[in-house]
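Notebook open. I want to look up a helix and a domain contact.

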Amino acid sequence: MPELPEVECVRRTLEPAVIDRRVSRVLVSKPKLARPTPAALAEGLRGHVITATSRHGKLLILHLDGGGYWAIHLGMTGQVITAPQRPKADHIHITVSFSDKGPKLYYRDVRQFGFMAHCQDRAALEAGPLANFGPDALGLGLDDFLRGLGRRTAPLKSLLLDQRILAGVGNIYADEALHRAGLSPTARPADLAPEKLANLHAAIQETLAEALAKGGSSVRNFVDARGRAGTFQHAHRVYQRTGHACPRCGGTIQRTVLGGRSTHFCPDCQLEK
Ligand SMILES: [Zn+2]
């Protein structure tokens, strides 16, 4: 699923295509993807100009004149595409037209775990789509990171996936960052010296920054708003590399299931403490 770097790549490529444009029409063919309802989404967006874009965790946020917000979550397979003509693809469930009659915004979602929402104001955004998000992972300071983890006894991998602690990191970047930091997915903050957690903090920031620079990871069908795939998947060290050699120590990458999520790691150089 698209994680922080992928959603940020969508934001950066979408912004120039939608900024200062006025929404004229919203067509929804899969009601469950529109919040609170298809009619309310269409009514909330229509007539409003997009004044800015931002992102928090995996949530893409378009700011509207008048103080409203248009939130987009890509779920597992969501794609936001701007194009003059409807793309020759199935699973396009929402189409947004603009008053300038220029390129439209198409929302495509094969698995349909994503959504689009209209929020009247900041309070509605924070009480709704942002309700369970902690601080954004990108650029999060070391002190705030350490405060979020505390002296918890849950496995690091599970804590990194908890969006209330660190918004934006998912399965790919949790596995990659733990490998870079040389820490086991099952290591527990309560057992770790502060410098180990500082290494993990640095590894997360490095991994996210490198992924961003490479246009994200295209492991399923991820593309940015211009339809371009990322290349960071070729730089993955452990994620979905079960049976391959560890790039650091030559050990064999293994896969396990932790908290219901597949987890990739090197048992030889990722330590419990
Ligand atoms: Zn290794």
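I take helices (H or I, at least four residues) and strands (E, at least two) as DSSP runs, numbered from the N terminus.

I note the basis. This is a predicted model, where local features need pLDDT of at least 70, side-chain atom pairs count only at pLDDT 80 or more, and totals for chains, interfaces and linings use all residues. Residues are numbered from 1 along each chain as its sequence is written.

Entry: helix H2. Leu41, Gly44 and Leu45 are buried. They lie on the same side of H2, because they cover an arc of only 90° around the axis. I take that arc from the directions from the helix axis to the C-beta atoms. The face turned away from the buried side carries exposed Ala39 and Glu43. I then asked what covers the buried residues; the cover includes strands E1 (23-28), E2 (34-35), E5 (69-73) and E9 (115-119). Contact here means C-beta atoms, placed from the backbone, within 7 Å.

Entry: domains. I found domain 1 (4-127) and domain 2 (142-265) in the domain assignment, which is automatic or from a database. Their centres, over C-alpha atoms, are 28 Å apart. The contact takes 18 residues from domain 1 and 20 residues from domain 2. On the side of domain 1 that touches domain 2, helix H1 (4-18) and strand E6 (78-83) each give two or more residues. H1 gives the largest share, nine residues.

Conventions
Contact = placed C-beta atoms within 7 Å. Buried ≥ 20, exposed ≤ 12 C-beta atoms within 10 Å, placed from the backbone.
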